[in-house]
Amino acid sequence: MTQQILIAVMVLGIIGAFFAVVLYYVAQKFKVVEDPLIDEVAEVLPGANCGGCGKAGCRAFAEACVAQGNLEGLRCAPGGDAVAAKIAQLLGCAVEQGEPQVAVVRCNPANCRIVAADSTSVVISDNRRSNYDGLRSCAFENTVYTGESGCHFGCLGCGDCVAACQFDAIHMGPDGVPVVDEEKCTACGACAKACPRRIIELRNKGRMNRRVFVSCVNKEKGAVAMKSCANACIGCGKCAKVCPVEAITIADNLSYIDYKKCIACRKCVLECPTHAIHYANFPAPPVKPAPKPEAPAADGASAAKQDSAQA
Amino acid sequence: MNLLNISGSPHVHSDESTKKIMWRVNMALIPALLVAIAYFGINALLVSIIAVVSCVLFQWLIEKFILKVPTTICDGSAVVTGLLLAFNVPATPSMMWIVIIGALVAIGIGKMTFGGLGKNPFNPALVGRVFLLISFPVQMTTWPVVDGIFPMHFDLATGATPLAAFKEGSLGSDVTLWDAFLGHIGGSMGEVSALAILIGAAYLCWKKIISWHIPVSFIGTAFIFSAILWLVNPDQYMDPLMTLFTGGIMLGACFMATDMVTSPMAKSGQLIFGVGCGLLTIIIRNWGAYPEGVSFAILLMNSVTPLINRWCKPARFAE
Amino acid sequence: MGGVHPEENKISNDAAIEVMPVPAQMVVMMNQHLGAPATPVVQKGDKVKVGQLIGEAQAFMCANVHSPVSGTVLKVDTVKDAFGITKPAVYITVEGDEWQETIDRTPDIKRECTLEPQAIVAKLKEMGIVGLGGATFPAHIKYNIPEGKKAEYLIINAAECEPYLTSDYRVMMEHPEEVCIGVSILRKALGVPNAYIGIENNKPLAIAKMQEVAKQFEGIVIEPLKVKYPQGAEKQLINAVTGRKVPSGKLPIDVGCVVSNLGTSFAVYEAVQKNKPLIENILTVTGKKLPSQHNYIVRIGTTYNDIIKHAIGQLPDTTGKVISGGTMMGRAVVNLDAPTVKGNSSVLVMDEGEARRNPETACIRCGKCMHACPMGLEPYLFSALVKNGRIEDAQKHNILDCIECGCCFFSCPANKPLTDEIRLGKNKVRAMMAAKK
């Protein structure tokens, strides 16, 4: 009995020792020399591997930071300034503070929601022009045709952005256009990259989170654009005329508000004939300061618009 | 007018569906079920019904309350699992409750833990069967005596399967090849009649649900391998034809090894899979602890199916 | 290898080709072909005649566009095409039907072609001929064989393996001689000894007729083909006729073959012998639930609605899908006000029940897609790889060899949109390759 136990112990011991030697040898032979700094940098990153920085993942980002030695052109959007400061400390370099940003969906939910001609009421109606029956992927639907709404620039509603979000911050809204959860959004930009029509844009969050933006990317001529969607930007330029800080430019029949210049006065919102300019997080609808202040829209319309604007 | 539908091409589809395939497999199992009822009487019918109902019920419960996904019991795959499970157990009264445990293991562990239909690496019915064989060895090897067609009395006198008898050194001389082919032998209820199984397999081949590759390579390998052994020593090893018609080779080769989910897709891969099953079956039968090795052979080959799929690619047109 | 057998549904086989009247207004799109749009060379108010050049090919990959009608140019603007995408176009108000004098409109068949190969190719370019098999590849580029390569075979695709389509069949039945002359011209342009016209065995009348006519011509061989979809796909056709296989990533000319469509050879005849630019399509109007089936000769630019109105009055209430092309590779049309373009071969109306896809269920790894794939690829694998973002692996498994024939989706019992997924994957692979460059 004792002998058997001894044999077993010896056999296992010899096998163990043999493999230990092999493992040690292999570990020495194929050792990868790596800057320990990479591990330290990777440690402070959020670790979501969202790819927002343009690298394959957090580890790759850390490698890039260490290789470069500074943070020029490298920014971890989810981590924001806090992480940037930590990395800068590790690398021993300066860091510039960035304005916090958020993803903004620039499409009116016109598939279902049309502001009536007198702009006093919001009509909810299914305004689909066709029924998409293929693979639920925006990138693919975009190659098949114009989309259910009939607008060749508008949201396709299959949710490629939702699938791309690593932070559960974007969801399909009830009207077929995605809604961004501002609390969760880290402005990594994954959704903006996933959108085949480039509808989602990263914009500065703005003071008190208040933002004004053109919620349309339709570059067609006014009449054509209006045919696809009643809320399309027709590039009329009225907004640009009233803007006190020249933040609005018109190009290719489309108005664009530069978020760096915008002071969120909302004069353009009142001017827009197609209600394509949306605003977010303001306590009340804008009021015309004209001699005879007249509410531009009934409460229902404005409230609904703000809802969608918060999207 | 309706809204126009838009999709990428193609705009037509063959009328194939998973549901159709599964129900056709069920159709193909009917001859074997009828033979089982004929030989083992009402017990066979009851065990089958209990197995099918419990499989369907467990699938429904798991999908509805645990996974919280739309239920898919109508696609018939749980019915196939239930029938195959019943076919792999003896038709005895004690099976009527044991088979419920088998159904839970087959559906719960064999299938749903991996994500349901199409994602299971092992054939669920065989997972259930092997679980029962290991957990209830006595009940699982208590074979009812085959007592003519449509037996009216159900005593618990137990007989042995030809394989078990052979393992113990005496193949009952009264078992003829013809009996084995028709199913007049002891065994699990669905595997006894090679004829009924072949009828079902022919139907599946006709409907293009299975191809000949797996059954032929499985049975062919088993035949050749056992024939070699038999030629070397006819006293120690079983007659190759008898080998094929007794035990589960026919049922396994035609219905369980050909399970789409767990077998390779390319024809070349299917041949390798069949050969592997055949070799392992004969090895386990002759040198293993159990008299029967089909279930283990198929499960082992199931586990290498992904590797076979990786290796055996269809012939590329462009090369 | 591979292939499927969809229901043929050639219900418009016996409808002789009719002439569709010219509508009151015509919208002619400037990109009716693969490549860059043609540049409009007319202005608002210009008078145009039938066959006059209105869009000139300036880019390399481009084709001329000619006016299909006579009248006044209303405007040079944009129009939404059949898929709702805005494209440049010329609007013409139709006045009378005055043709250019150079066009020979007599019904006489002109056999002799004295032009040199170079001149033939130049003529194809001038007349705006493009491949009418669906890809609308400009013909003058195809027949201008690049240096260092040599054409040995000319193969004419008359398989018409797509369900429903009958326009090629009607052309063979009604204009076999013109087709053969067109093929001879193409043969001359390439300088190859033999041209093979591949026809599927399910068209015995067309095979008999073509064989009879081809006897009068030197070097035209009629090649009956096995009935199988996609027999008319370029690579499959080359294999069926010559036994050669086009290697992955190569073109037919790399194995010495040039493949052309039957409709193209008819257009070539008209262009070279009759000086008639490509201004007409031969088009099938069909559908199981339609009151009548038709084959038409239609001026390019007639809208889908005009065609439907003339052929059947209006679409049935139960219409579920309108397809331009066949059911396997055609494209679903969303905008019926859009003008037809070169290469349109049908207006196929499907019923609601016929058109809807069934809901997708789980893949049961049956391998039917793999066995149906005529290229020997693994669609189920691409589906999984693309879904999980493994684009490089998809490329390694030759996803770019896919010819998008649709056999995988057709045969999938789980109704997985495999062809869609593969197309998406191919786009992603191409984007990845472009990014790497």
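A salt bridge here is a side-chain nitrogen of Lys or Arg within 4 Å of a carboxyl oxygen of Asp or Glu. Keep in mind that this is a predicted model. By that rule, there are 43 salt bridges over all chains.

Start with a group: select Asp97(C), Glu270(C), Lys276(C), Glu280(C) and Arg299(C), which salt bridges link into a network.

Next, pick Lys49(C) and Glu101(C), a salt bridge whose closest N and O atoms are 2.9 Å apart. This pair links distant parts of the chain, 52 residues apart. Lys49(C) sits in the loop between strand 4 (47-48) and strand 5 (53-56) of chain C, while Glu101(C) is in the loop between strand 8 (86-94) and helix 1 (117-126). Colour by accessibility and look again: Lys49(C) is partly exposed at 24% relative accessibility, whereas Glu101(C) is exposed, with a relative accessible area of 63%.

Now move to Glu152(C) and Arg244(C), whose side chains form a salt bridge at 2.9 Å, N to O. Glu152(C) belongs to the loop between helix 2 (139-142) and strand 9 (153-157) of chain C, and Arg244(C) to the loop between helix 6 (234-242) and strand 12 (257-261), so the pair ties together parts 92 residues apart in sequence. Glu152(C) is partly exposed at 35% relative accessibility, and Arg244(C) is partly exposed at 26%.

For the last stop, select helix 14 (residues 418-436) of chain C, where Arg423(C) and Asp420(C) lie three residues apart, about one turn of the helix. Are these two residues buried or exposed? Both Arg423(C) and Asp420(C) are buried, and their side chains meet in a salt bridge of 3.9 Å, N to O.

Key:
Residues numbered from 1 in each chain as written. Chains lettered and ligands numbered in written order. Predicted model: local features only at pLDDT ≥ 70, side-chain atom pairs only at ≥ 80, totals over all residues. Heavy atoms only, no water. Helix = DSSP H or I, 4+ residues; strand = E, 2+ residues; numbered from the N terminus. Buried < 20%, exposed > 50% of the residue type's maximum accessible area, 1.4 Å probe, protein only.
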